[in-house]
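Here is a short briefing on a single protein model. Please keep the sequence and the 3D view open while reading.

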Amino acid sequence: MKNVSSKFSFRALNDSERKYLCSLIETYAGIARRADHPMREISKKLMSYVLWRWTADAVKCGATGITKDVVKQDKWKYNCEVHPFTEKAKLITKDKGKRLRHEHVVPRDLIIRHILEEELEKETLFNFLCIFCKCAIVTKEEDQQLRPRNTMPNGWAWDEACVYSRYENSKMKLMFPNDQP
């Protein structure tokens, strides 16, 4: 992956690290499915938090060989070298969070609902998240224009899904790092 700092290099979470996140989601999902469990709603919030980690975090690689790799929270949150982005967002990437949004292309609530309904096993969950848990970098104004806001367009289905349907529906053009969708 690209070096985004002069002192340290950063890389994407690898499969092993993402599978650990899947284990956390599995644990929280087991609790969230139990209607009588007092931690049900908190477990859903924790699932949402873990889905955020999936798209926003990066690993700081040990610079000297003595230091171990460390996951850095939100390191790639607004990185247009890693995530799809709009042209307007690319122009203001130095503003970081002031005028930008790290927006999940399929709303996290929908992903969570699907995980809870389908009771996905670990490997299936991992593959599912690799497909559907993605983000795009947009401006705050574009985020407000995105339609539908918290769901996917009418007719959208998991089995025939284009994860970028809301952007197409809102006439927003996403650009991809290295022109790769």
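Buried means under 20% relative accessible area, exposed over 50%, and partly exposed in between, with a 1.4 Å probe and protein chains only. By that cut-off, 42% of the 181 residues of the protein are buried. The model is predicted: local features need pLDDT of at least 70, side-chain atom pairs count only at pLDDT 80 or more, and totals for chains, interfaces and linings use all residues. Residues are numbered from 1 along each chain as its sequence is written, and side-chain values use heavy atoms, without hydrogens and water.

**Fold**
- The protein has seven helices and five strands; these are DSSP runs (helices H or I, at least four residues; strands E, at least two), numbered from the N terminus.
- From the N terminus, the order is β-α-α-β-β-α-β-α-α-β-α-α.
- Contact means heavy atoms within 4.5 Å. Of the contacts between residues at least 6 apart in sequence, 67% join residues at least 24 apart.

**Dimensions**
- The C-alpha atoms fill a box of roughly 50 × 45 × 30 Å along the principal axes.

**Surface**

**Helix α5**
- In α5 (residues 122-132), L125, F126, F128, L129 and F132 are buried.
- Seen down the axis of α5, these buried residues fall within an arc of 165°, so they line one face of the helix. The arc uses directions from the helix axis to the C-beta atoms.
- Their cover includes α1 (15-32), α2 (40-56) and α4 (108-118).
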